[in-house]
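Please keep the sequence and the three-dimensional view at hand while reading.

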Amino acid sequence: MEIRLHPSILSADFVNMQSELARIASADAVHVDVMDNHFVAALTFGPQMVKRIGEVSPIPLDVHLMIDRADENAAIYAEVGAQSVTFHVEAARNVSSVVSAIHEHGAQAGIALKPGTPLEPYLENLHEVDMVLIMTVEPGAGGQPFMPEVMPKLEMLSSYLAQHGLSPLVEVDGGITTETLPIALARGANTFVAGSSVFGHGIPAENIAALRASAHS
Ligand code: DX5
Ligand code: ZN
């Protein structure tokens, strides 16, 4: 089973971003968490920083917007060069039009759902997106434990996609380790965000290899 691994730079050293990016060059993309101190309490950075990250990163950018007013604020992240831009459905008035705006600005579009957000209202959007991000922690901080109670939603998503012949990437984010990755993989996830388990200890490239190996365990 071929998986995609997207380290989250939320757990990296922001002051040494360029060298941190070089340490995860063996990953498939870098997960870039944008937080606005409104949709979530924390604050990271905006489009200017995302643009610079894209210019120096050896791998594509998977931008995860944890910001309000996605309708007004999402497209700029496509414009600054992210390969994919994922916004929260809870922060969008019109999910389809945000997806279109991201596509029009040249990026792939993803929708993200918080742990408590049901999938049913968004089933009709699944044919138009390139990625679905099922949050396995409450968005807002790295280092939280994986929430197994989200697994039924992931299973529902996977079976709906299979039934309808759809194949957006299915990403999980939050508490992904060598122990939890196989749990989400077994329920249909194929793209894994990992912050603390890549940057929190040891050597990121070795941690990436261990996470990939856990898919075969
Ligand atoms: C949480 C962020 C995650 C976070 C994951 O709000 O969206 O991307 O960095 O961190 P870990 O892997 O430590 O749970
Ligand atoms: Zn994230």
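**The ligand and its surroundings**

In this predicted model, the largest pocket is the space taken by ligand 1. The shell around the ligand comprises 20 residues, of which D33, G140, D173, G195 and S196 come nearest. Sorted by class, this shell contains ten polar, eight nonpolar and two charged residues.

Several strands contribute to the shell. At least two residues each are supplied by β2 (30–35), β3 (61–66) and β8 (191–194). The greatest contribution is that of β2, which provides three residues.

Which parts of S8, A141 and G143 face oxygen atoms of ligand 1? For S8, the side chain is involved: one of its N or O atoms is 2.8 Å from an oxygen atom of the ligand. For A141, a backbone N or O atom lies 3.5 Å from a ligand oxygen.

**An aromatic pair**

Attention may now turn to the aromatic rings. The partners are F14 and F45, in a tilted arrangement with 5.5 Å between the ring centres and 50° between the planes. F14 belongs to the loop between β1 (4–7) and α1 (17–22), whereas F45 belongs to the loop between β2 and α2 (47–56); the pair therefore ties together parts that are 31 residues apart in sequence.

Technical notes. Residues numbered from 1 in each chain as written. Chains lettered and ligands numbered in written order. Predicted model: local features only at pLDDT ≥ 70, side-chain atom pairs only at ≥ 80, totals over all residues. Heavy atoms only, no water. Near = heavy atom within 4 Å. Polar contact = N/O pair within 3.5 Å; in protein donor to acceptor, adjacent residues only side chain to side chain. 1 Å grid on protein atoms, 1.4 Å probe; cavity = no way out; pocket = protein on both sides within 12 Å on 5 of 7 lines; lining within 4 Å. Sits in = over half its atoms within 2 Å of the grid points. Helix = DSSP H or I, 4+ residues; strand = E, 2+ residues; numbered from the N terminus. Nonpolar A, V, L, I, M, F, W, Y, C, P; charged D, E, K, R; others polar. Phe/Tyr/Trp six-rings, centres within 6.5 Å; stacked < 30°, edge-to-face > 60°.
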